[in-house]
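Please keep the structure open while going through this note. It is written for someone new to reading protein models.

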Amino acid sequence: MSIRLKVTLATVAIAALAVGAVDVTTFILLSDYFDRRAAASVRQVAHTAVETLGSGHRLTLETFASSDRLVLVEVLSPKGKVLQRLGTSEAGKVLLPSDLLSHPGRARSIEVPGSRGPAFEVIAVPAKSGSVIAAVSVKNEVSTLAHLFRLNFTVGGVVLGLLAIVALVVLTRSLRPLRQIATTADAIAAGDLSARVAPAPRRSEIGRVETALNRMLAENEAAFAQRDATEERLRQFLADASHELRTPLTSIRAFSEILGDNPRLDEGERAKFLGIIVKESERLTRLINQVLDLAKIESGAAEWHSSVIDMREVLEDSATAVSQLFKERNVKLTVEVPQNVPAIVADRDRLVQVMLNLLSNAAKFCGRTPGAVTVSLAPQGEFLRVQVTDNGIGISAADQEVIFEKFRQAGDTLTGKPQGSGLGLYISRRIIEHFSGRIWVTSRPREGACFSFTLPIVRGPALVKAA
Ligand SMILES: Nc1ncnc2c1ncn2[C@@H]1O[C@H](COP(=O)(O)OP(=O)(O)OP(=O)(O)O)[C@@H](O)[C@H]1O
Ligand SMILES: [Mg+2]
């Protein structure tokens, strides 16, 4: 059964109970009131009769002119003989209960055959000599009650019918958005991720559900789009990586074969070919390491060895490590470090990894000769800031955030793909953020780039604890 029907039935049932309770209460109160009024009326008639007889007068219909419902008055002798009887045409229908005289003063209702409910109110009261029996009609009250019952029944029925119609209409309208939500859910299940529910007034409960649902659907769609984009980049990376892997492997193999086939090669050539083999092996190792690193960081399995670090040492070691590369590329490297540098806590090797990537990028993207790269170090508030500035090709504003994503390289990678996999900056950012720092770039195309990162300075007890 639909919610709509259930709620309508429940509403009508509750309303029917309420209407029924009001009707029954009204009926009981009114019939009680009528009973008391009939009893008072018949008592009044009997009292008038007793008074009149007591004053020595004879009873006539005139005596009871004030009562509009008199039916019967009987005057009985002490032995129960009817001395006088006067009444209306209905008097014949009154069948007096046999024990009426034995309960004097008690009014009671009696029925007549062929009609439902009480018809007369009768009473026997003692008189001066003997007793008086009086009966009045309660026909009007009974028909009023019957009329009231029918009226209540009809009005109640009409009201409940209207209530059912209104409830159905209101519920149908109110629940329409729910049906739309179900339709939208079906569409999404069928693969249409762009399906949305039509906006409803935000203040209604369903409106709020719809807004929340639309927001969730938009987020889902964005997440799916992001996943697709990452998968696409991963596919692209696998294609690139296999190419990158194949190139050094091919030359390693080719030069090894040359060396193997020509044992009499002169020293100079032999050294040159061996140099190429070593360089290509390094390239291969670097690529493989980066992919392994990425996998570890992404899966949360990376190991971090934190210790108290003097950042000057990290910069100097990194500068030494890239000195040969810088020389080959004719790039001048300047390292500016102040005398006293506050300590930080991080993984030393990981920070060297970040620096090597920034420095090798700076050399790689120098673009002009002579290249100039400056590394500087300075405290900045609660942080220690490192900057690597070059005078190279720079990075467009659009690419400045993108290059920190995995497998992303600046510019049009179809026409001019830089050497490398586009993993260095992504891994660097993960490392810096792991130690609660921040890494970013500022640059103007063709005017060089400045990569900065900050790491929190550690002082006092935290420093002692880390050491
Ligand atoms: N100093 C820089 N000047 C200009 N562009 C840069 C510079 N550093 C990085 N980029 C741009 O950012 C991209 C991403 O750099 P990232 O270090 O992540 O990858 P990569 O150097 O291409 O490859 P990998 O470091 O994985 O070998 C680079 O391909 C380049 O387009
Ligand atoms: Mg790089």
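1. The model is predicted, not experimental. Its chain is assigned three domains: domain 1 covers 3–161, domain 2 covers 205–284, and domain 3 covers 304–465. Between the C-alpha centres of domain 1 and domain 3 there are 107 Å.

2. Start with the open sheet of 5 strands, whose order is E2-E1-E5-E4-E3. Its pairing is antiparallel. E2 and strand E3 (108–110) are the edge strands, since each of them pairs on one side only. From one strand to the next, the twist averages 20°.

3. Within this sheet, look at E1 and strand E5 (residues 131–137). The two are antiparallel and share 6 bridges. Val-75 has Val-132 in E5 as its bridge partner. Helix H1 (residues 3–54) lies across E1, strand E4 (120–126) and E5, and the angle it makes with E5 is about 140°.

4. Is Ser-77 buried or exposed? The residue sits in the loop that links strand E1 (70–76) to strand E2 (82–87). Its relative accessibility is 12%, so Ser-77 counts as buried; the cut-off for buried is under 20%. Apart from neighbours within four places in sequence, Ser-77 is in contact with Leu-83 and Gly-130.

5. Next, the metal site. Which protein atoms are the donors of the magnesium ion (ligand 2)? They are OD1 of Asn-357 and OD1 of Asn-361, at 2.2 to 2.4 Å from the ion. Both residues belong to helix H6 (residues 348–364), and because they are 4 residues apart there, about one helical turn separates them. Asn-357 and Asn-361 are both buried.

6. Strand E10 (residues 383–390) deserves a separate look. Of its 8 residues, 6 are buried, so the strand is mostly covered. Strand E9 (residues 371–380) runs antiparallel to E10, and 8 bridges join the two. One bridge pair to find is Ser-376 with Gln-387 in E10.

7. E9 and E10 form a hairpin with 2 residues between the strands. In this hairpin, Gly-381 has a positive phi near 65°.

8. E10 is also joined to strand E12 (residues 449–456), by 7 bridges and again in the antiparallel sense. Here Phe-383 is found opposite Pro-456 of E12. As background, strands of a sheet pair through backbone hydrogen bonds, and this can be parallel or antiparallel.

How values were computed:
Residues are numbered from 1 along each chain as its sequence is written. Chains are lettered from A and ligands numbered from 1 in the order in which they are written. This is a predicted model: local features need pLDDT of at least 70, side-chain atom pairs count only at pLDDT 80 or more; totals for chains, interfaces and linings use all residues. Side-chain values use heavy atoms; hydrogens and water are left out. Domain bounds come from an automatic or database domain assignment. Buried means under 20% relative accessible area, exposed over 50%, partly exposed in between (1.4 Å probe, protein chains only). Contact means heavy atoms within 4.5 Å. Donors are N, O and S atoms within 2.8 Å of the metal (3.2 Å for Na, K and Ca); water is not among the atoms, so sites may look incomplete. Two strands pair if DSSP finds at least two bridges between them. Axes are lines fitted to C-alpha atoms, for helices over the stretch in contact, and angles run from 0 to 180 degrees between N-to-C directions.
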